[in-house]
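This report describes a protein model together with its ligand. The headings below take up the backbone, the strands and the ligand site in turn.

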Amino acid sequence: MNLKTDVCIMGAGPGGVATALKLSYLGIPCILVDKATFPRDKICGDAISGKVTTLLNRLDPEIMQRFHAEPIQTDVWGVRFVAPNRKKLDIPFKAGYVRNEKMAPGYVSKRMEFDNFLIEEVKRRDNIQLLLETPIDAYERTDLGFRLHSKLKDVHIDCQLLIDASGAHSPFSRQYAGLEKDPKHHAAAVRAYYRNVSEIPTDNFIELHFIKNVTPGYFWIFALPNGEANVGIGMRSDIVKKRGVNLREELARIIAEDPAISPRFKNAELIGKFEGYGLPLGSKTRRISGDHFMLVGDAGHLIDPLTGEGIGNAFYSGIIAAEQAVLCLQEKNFSDIFLIAYDVRIQRVLGSEMKLSYKMQQIGGNPSLLNFVSNIIDGNRKILEYFSAMYTDFDLREKLVKPWFWIKMWLKKS
Ligand SMILES: Cc1cc2nc3c(=O)[nH]c(=O)nc-3n(C[C@H](O)[C@H](O)[C@H](O)COP(=O)(O)OP(=O)(O)OC[C@H]3O[C@@H](n4cnc5c(N)ncnc54)[C@H](O)[C@@H]3O)c2cc1C
């Protein structure tokens, strides 16, 4: 089968779907192609931040209403940080919040279900041609733009603009666009599903435990519906290699032996097995577009280097790529130089946040410093409220990496 389109999106994860939906709402038809049959799993922590809900709402508030009506998510109202000295800091997304049934500031939803929900949204749009079970196994540059081939399905797609949203293992991103894996800007993570983990925090605060052997990085517990939880561990890849850490063994060790964690797994049951995957982090600025193409989401190495959050940035980059695609079509210009505008916008929207997260990741790599900070914050309501404001206020967040901020806090406390 030979197909022709202005815009072809390779990969129908969150990044690819966001691109296709945005194009669709802007009235631009596209082809969205994925190798998988949905529902399909994607190894992930399954935490869906306010970025995602905000962007979906902006696209169409009815999408979020439909998501909320599905029994596939837990509502999340904040984050519990646990320092190496085991001090707990519960920081709500909004100080003085009142939990309600309508919309939550964040969610946890298994990717098996969340990504399938997104695919159902794509199916509602009649200007998106969705090709599933169609692995793209070859591509070539043509006069028009690109020609993609799925030899397995005997499908050939000609497009003017290729949007690669095929994830962390994208051969196009690595081989054609030249985004090599750099272990200092890459993380490895292992995830497992459990049933009956005890002492889940009130209002489903997601838990990030900074454990001495696992920094920079963390161990997490995220509550899911039906008494299940997503449990995992992630660390920067260069440190994993340097220290010879086996993340699967480390995760098993924490669950079995860690004095603060293991009692909570006494009656818990593992569902399935431990599974690992890579996270290309956005702590290094790279060129993510070129002649007739743009990279979106993990294919463009856009995961937050502190939190490991990538779904929100996949959404952001997809929406920006769609808007850039419209400009390319209007101007009939798909050149390398014209597409720099995509990189510039990505840097403007995500660049400073990535840089700050990278600085904080480095601070997070020092357990003594984390303990010092947790001692200052411990029980101080004013500081906790201040922290809540930092989720949305970038200027406040920037203060976190300035030593004088902590000295002032320490002086106030003592
Ligand atoms: C263990 C772990 C925990 C994480 N936890 C979180 C978290 O809690 N919250 C968060 O926000 N982020 C988290 N992330 C990051 C998040 O999973 C990714 O950033 C996110 O999935 C990126 O979305 P994407 O659309 O770019 O790529 P993906 O979700 O990987 O989607 C890529 C799509 O491309 C398709 N594809 C691949 N190759 C081809 C091909 N050749 N032809 C056709 N289709 C193809 C795949 O089938 C897939 O559907 C985590 C990552 C890991 C590894």
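In which loop is Pro-39 found? Pro-39 is placed in the loop between strand 2 and strand 3 (47–48). The model under discussion is a predicted one.

## Cis peptide bonds

Another cis peptide bond links Thr-215 and Pro-216, with omega about -5 degrees. Pro-216 belongs to the loop between strand 13 and strand 14.

## Positive phi values

Arg-86 has a phi near 75 degrees, a positive value in a residue other than glycine. Arg-86 sits in the loop between strand 5 and strand 6 (88–92). Because its relative accessibility is 29%, Arg-86 counts as partly exposed.

Lys-332 also has a positive phi, near 50 degrees, and is likewise a residue other than glycine. The loop that holds Lys-332 runs between helix 8 and helix 9 (340–364). Lys-332 has a relative accessibility of 71% and therefore counts as exposed, the cut-off being over 50%.

Strand 13 pairs with strand 5 (residues 78–82) in the parallel sense, over four bridges. In that pairing, Val-79 stands opposite Ile-206. Strand 13 is also joined to strand 14 by three bridges, and these two strands run antiparallel. There, His-209 has Phe-219 of strand 14 as its bridge partner.

## Strand 1 and its partners

Eight bridges connect strand 1 (residues 2–10) with strand 11 (residues 155–164), in the parallel sense. Val-7 is opposite Leu-161 of strand 11. Strand 1 pairs in the parallel sense with strand 2 (residues 30–33) as well, over three bridges. Met-10 stands opposite Val-33 in strand 2.

## The ligand site

Which residues are closest to the ligand? Of the 37 residues that surround the ligand, the closest are Gly-15, Asp-34, Gly-45, Arg-111 and Asp-298. By class, the shell divides into 18 nonpolar, eleven polar and eight charged residues.

An N or O atom in the side chain of Asp-34 is 2.6 Å from an oxygen atom of the ligand. A polar backbone atom of Ala-47 is 2.9 Å from a nitrogen atom of the ligand. For Ile-311, a backbone N or O atom lies 3.0 Å from a ligand oxygen atom. The ligand has 1000 Å² of accessible area on its own, and the protein covers 93% of it.

Helix 1 (14–25), strand 14 (217–223), strand 16 (269–280) and helix 8 (311–331) each contribute at least two residues to the shell. The largest share, three residues, is that of strand 16. At the level of domains, at least three shell residues come from each of domain 1 (2–40 + 112–182 + 284–359) and domain 2 (74–108 + 183–281 + 368–398 + 407–414).

Note on methods
Residues numbered from 1 in each chain as written. Predicted model: local features only at pLDDT ≥ 70, side-chain atom pairs only at ≥ 80, totals over all residues. Heavy atoms only, no water. Near = heavy atom within 4 Å. Polar contact = N/O pair within 3.5 Å; in protein donor to acceptor, adjacent residues only side chain to side chain. Areas by Shrake-Rupley, 256 points an atom, 1.4 Å probe, with all protein chains shown as cover. Nonpolar A, V, L, I, M, F, W, Y, C, P; charged D, E, K, R; others polar. Domains from an automatic or database assignment. Pairing = 2+ DSSP bridges. Buried < 20%, exposed > 50% of the residue type's maximum accessible area, 1.4 Å probe, protein only.
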